[in-house]
Amino acid sequence: MVDFQIPEWLLETQGPLPPLTNSKKARRSFAQKSVDTFSGFLLDDFYAERIAARKGLMQGLHPGVKVATSLVLIFAASCLHSWASLLLLNLYVLLLAYMSAVPPGLFLKRVWVFIPIFTAVIVFPTLFNIVRPGEPLVVLLHYGGHHQLTITRQGTQAAVLFVLRVAACVSVAVLLTLTTRWAYLMRGFGMIGVPTLFLKILEMTYRYIYVLLNGAQDMFEARRSRTVARTSTREQQRFVGNTMGSLWMIALSLSEEVHAAMLSRGYTGTPHTLSNSRIGGLDWLWAVFIVLISIILIGGDRFVW
Amino acid sequence: MHIPDGYLSPSTCAVGYVGMLPIWAIAVKKVKKSLNTRLIPLMVMGAAFSFVIMMFNVPIPGGTTAHAVGGGILAVILGPWAASICISIALAIQALLFGDGGIFTYGFNCFNMAVVIPFVTWFIYQRMAGKTEVTSSKRWIWGAIGSYIGINAAALCNGTELGLQPLLFHTAQGVPLYCPYPIQVAVPAMLLAHAFMAGPVEAIVTGLVTRYFQATNPSVIADQIAARVEPVKMRLNRMWWAIIGLILLVPLGLLAPGGAFGEDSVEDIKKAFHFVPKGMAALAGHLHALLQDYGVPNSRFSADAPDLFHQSIGYYAAAVVGIAIVGGLTYLVSRLVAAREDGGRGNS
């Protein structure tokens, strides 16, 4: 008779597994991170489309006028020399965002998270006299007799100016892209003289990013769901390389299919676009208004304050 | 590597666009000649591919991940001209959708990432491994080395562009208006980050993807699109002229900005002149060596024409030295390998 004895190791009771998310060791894998990056992109884009579909100030403008006036504002932001006018411009763009039904929280997050904060971090050392000498504003430390560690006036001014400038530029760009659908954005750039070929490629690329992104996401998900052990960095890198390679094969065969589809529809090598929107009176008024605001800001910056 | 708006002065941005326009025009002309109606679909896929692989998290030792630009691998599979179009498009989408990289700075971002990386990679890859068997290991090794050098060359350009800002654009009080780090800080900082982080990642991606194609579908790198576009010799000559032209253009555009310099009043300079020595006196002792080069960006020289001239020469020299180092190293390596190959042939 066979003795069916349960092995001892199977009888051992195991305590609850440590929570994966709380332990520092359970860092997100490269596959997870990539999938998160992809879905983050899709999510951001989805929200932007929804905001662009709302009724608001910027949404109502002609795309060409909107693109042109946004460029004027970015130019103004690049030309300003005083922190006061830059702050004013930042607040003005915030007001525009509010009037365009962009949720202020989302707008501020999109603008400030990353670029201006990153800028503030990299500019931080220039506050101190050991990096950039200047007139002392606050003395932090005395050392070695007559030496001082100070925060300089020039350093502070430069840092504030720089961060505000970058934030103003990013605000205008974010507002433009949040309130304009991709196709309209392309049309807007077309009206200010960007070549059709470039815009056509841009427009189609935007579509096919989704296709390729889906392909990549599937590959990473498949990999993640089959990975149970820790893998070496080398193996992970090889996987990433292989994924990129097979993604290119997908892209290449897609391009052949798209090409055939284009030819069968009568494509001869010159792209054509429909342009039927007309610039209305209000659009002109807006353009004049923005140019005036920029002139007032730059003029005030140079001669008044 | 993506320069946001506000980091560079508008006149610098204009120089970037002026420099890029002919490069884009030549690229489209060349690629269109060989691809004809395939131009749009292939560039679309190339750009979408470039955009998507920039979002890949590449694992690096230590458990973290980093992103690659993908300029090297695109140069290997598409050739430099087509690669520069694809990366330019991908950068435009990044700027417009993510705000990753500015709209005004787009010209220089394209120059750094869509021109310098693919062309340097291609130059090295083609020269060292262009005539080898498709499955030869030389291909992926030189592709990887090429993209490592390529991304570092791009970082050098990037650092130079940023580092010129405080020298050329500041208020009368010496407050920098744009990126505040001078060239002697910006260039080493950029190079350091790229030599140890972004460079290896770019090299890994190019090397691994090239190997993948060698193993699964060698026709992708055999020639296909890359070689169809234009003979190599021609491509390099024109490219070098374009790069040299851009280098020459930079100070020309910057010397006449109609901006900061014209506004500095004599009173401002006098005011500035009075406090500067005081500030400097406190630091004159131990920190002397560190501050020596800072004499240039400081306020008392800001409005003087002769000093502007000196400043120009200073940064020009720095840029030329940097380019010469990278160019020289590349040339040296290529000569060494060429010599070794000749030697090998002689023996056999």
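What span should helix 4 (residues 80–98) of chain B have at 1.5 Å a residue, and how far apart are its end C-alpha atoms?

Analyst: The model is predicted, so what follows is computed from its coordinates. Helix 4 of chain B runs over residues 80–98, which makes 19 residues. At 1.5 Å a residue the helix should span 27 Å, and its end C-alpha atoms lie 26 Å apart, so the two figures agree. Helix 4 of chain B is mostly covered, with 17 of its 19 residues buried; buried here means that 20 or more other C-beta atoms lie within 10 Å of the residue's own. Just after the helix comes B:Gly99, with a positive phi of about 70 degrees.

Chain A has a helix 4 as well, at residues 83–99. This helix holds 17 residues and reaches 24 Å from its first C-alpha to its last, close to the 24 Å expected at 1.5 Å a residue. The buried residues of helix 4 of chain A are A:Ser85, A:Leu86, A:Leu88, A:Leu89, A:Asn90, A:Val93, A:Leu96 and A:Ala97. Their cover includes helix 3, helix 5 (104–112), helix 7 and helix 11 (281–304) of chain A. Following helix 4 of chain A is A:Ala101, whose phi is positive, near 60 degrees.

Now the wider setting. Chain A contains 11 helices and two strands, in the order α-α-α-α-α-α-β-β-α-α-α-α-α from the N terminus. The radius of gyration of chain A is 28 Å, well over the 19 Å that the globule rule gives for 305 residues, so the chain is more spread out than a compact globule. Along the principal axes, its C-alpha atoms fill a box of roughly 105 × 80 × 35 Å. Of the 305 residues in chain A, 38% are buried. Among contacts in chain A between residues at least 6 apart in sequence, 75% join residues at least 24 apart.

The two chains also touch. The contact takes 74 residues from chain A and 67 residues from chain B. On the side of chain A, the elements that give two or more residues are helix 2 (30–52), helix 3 (63–79), helix 6 (115–123), strand 2 (147–152), helix 7 (153–178), helix 9 (196–226) and helix 10 (233–264). Helix 10 of chain A gives the most to this side, with 20 residues. By type, the residues on the side of chain A that touches chain B divide into 43 nonpolar, 24 polar and seven charged.

Terms used:
Residues numbered from 1 in each chain as written. Chains lettered and ligands numbered in written order. Predicted model: local features only at pLDDT ≥ 70, side-chain atom pairs only at ≥ 80, totals over all residues. Contact = placed C-beta atoms within 7 Å. Helix = DSSP H or I, 4+ residues; strand = E, 2+ residues; numbered from the N terminus. Nonpolar A, V, L, I, M, F, W, Y, C, P; charged D, E, K, R; others polar. Expected span 1.5 Å × (residues − 1). Buried ≥ 20, exposed ≤ 12 C-beta atoms within 10 Å, placed from the backbone. Rg over C-alpha atoms; globule rule 2.2 N^0.38 Å.
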